[in-house]
Amino acid sequence: MYKVRVEDDFAAAHFLQDYHGKCENLHGHNYKVFVYLKGEFLNEGGMLYDFSVLKQNLKSVLKLLDHTNLNDLQEDGKFVFAQNPSAERIAKFIFDKLLCASSDLQNLLYRVDVFETEKNRASYFLC
């Protein structure tokens, strides 16, 4: 089994509406995102997946989040994060958007990590 990982980052504000503590107030993070692929076969170039293509896809997804208030993010008239943009929900959002960005990732993408800080991380992954 082969595995690859790319990383990027974005800055955004948010608050957790249904949380009781300091995170219920508007605040910001410099998020770091790791994207993981795994697979058994390499392409003709000897790669599981082209790093530059994966980084470009990730960058296009993160552009939707960068320098926004995540609570305000809407698609089709609905709030994307149900007014609670937790790191867990952000990880799933990125995962799903990457799958939409490239059908080539369908059998390779298996995990997205979102770090709110160096010490706090949430993951969304397929078993």
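In this predicted model, the charged end of K38 sits over the ring of Y110, 4.7 Å from the ring's centre. There is a second case of this kind: R111 places its charged end over the ring of Y36, and here the distance to the centre is 4.9 Å. Both rings belong to one aromatic cluster, made up of F34, Y36, Y110 and F115.

What about the rings themselves? A pair of aromatic rings is described by the distance of the centres and the angle of the planes. Counting pairs with centres within 6.5 Å gives six aromatic pairs. Take F34 and Y36: their ring centres are 6.4 Å apart and their planes meet at 70 degrees, so this pair is edge-to-face, the cut-off for that label being over 60 degrees. Both F34 and Y36 are buried.

β2 covers residues 27-39, and β5 covers residues 109-115. The two run antiparallel to each other and pair over six bridges, with F34 standing opposite D113 of β5. On β5, six of the seven residues are buried, so the strand is largely enclosed by the rest of the structure. β5 also pairs with β6, again in the antiparallel sense, this time over five bridges.

Two elements, α2 (87-101) and β6 (121-125), each supply at least two residues of the lining.

F41 lies in the loop that runs between β2 and α1 (51-63). Is this phenylalanine buried or exposed? With a relative accessibility of 67%, F41 counts as exposed, the cut-off being over 50%; F34 and Y36, by contrast, are buried. F41 and M1 are 40 residues apart along the chain, yet their C-alpha atoms are separated by 7.8 Å.

Then there is the backbone. Most residues other than glycine have a negative phi. Which way does D76 go, positive or negative? Its phi is positive, near 55 degrees. D76 sits in the loop between β3 (74-75) and β4 (78-79), and a relative accessible area of 81% makes D76 exposed. A82 also has a positive phi, near 50 degrees, and is found in the loop between β4 and α2. The relative accessible area of A82 is 44%, so this alanine is partly exposed.

Technical notes:
Residues numbered from 1 in each chain as written. Predicted model: local features only at pLDDT ≥ 70, side-chain atom pairs only at ≥ 80, totals over all residues. Heavy atoms only, no water. Phe/Tyr/Trp six-rings, centres within 6.5 Å; stacked < 30°, edge-to-face > 60°. Buried < 20%, exposed > 50% of the residue type's maximum accessible area, 1.4 Å probe, protein only. Lys NZ or Arg CZ within 6 Å of the ring centre and 35° of its normal. Helix = DSSP H or I, 4+ residues; strand = E, 2+ residues; numbered from the N terminus. Pairing = 2+ DSSP bridges.
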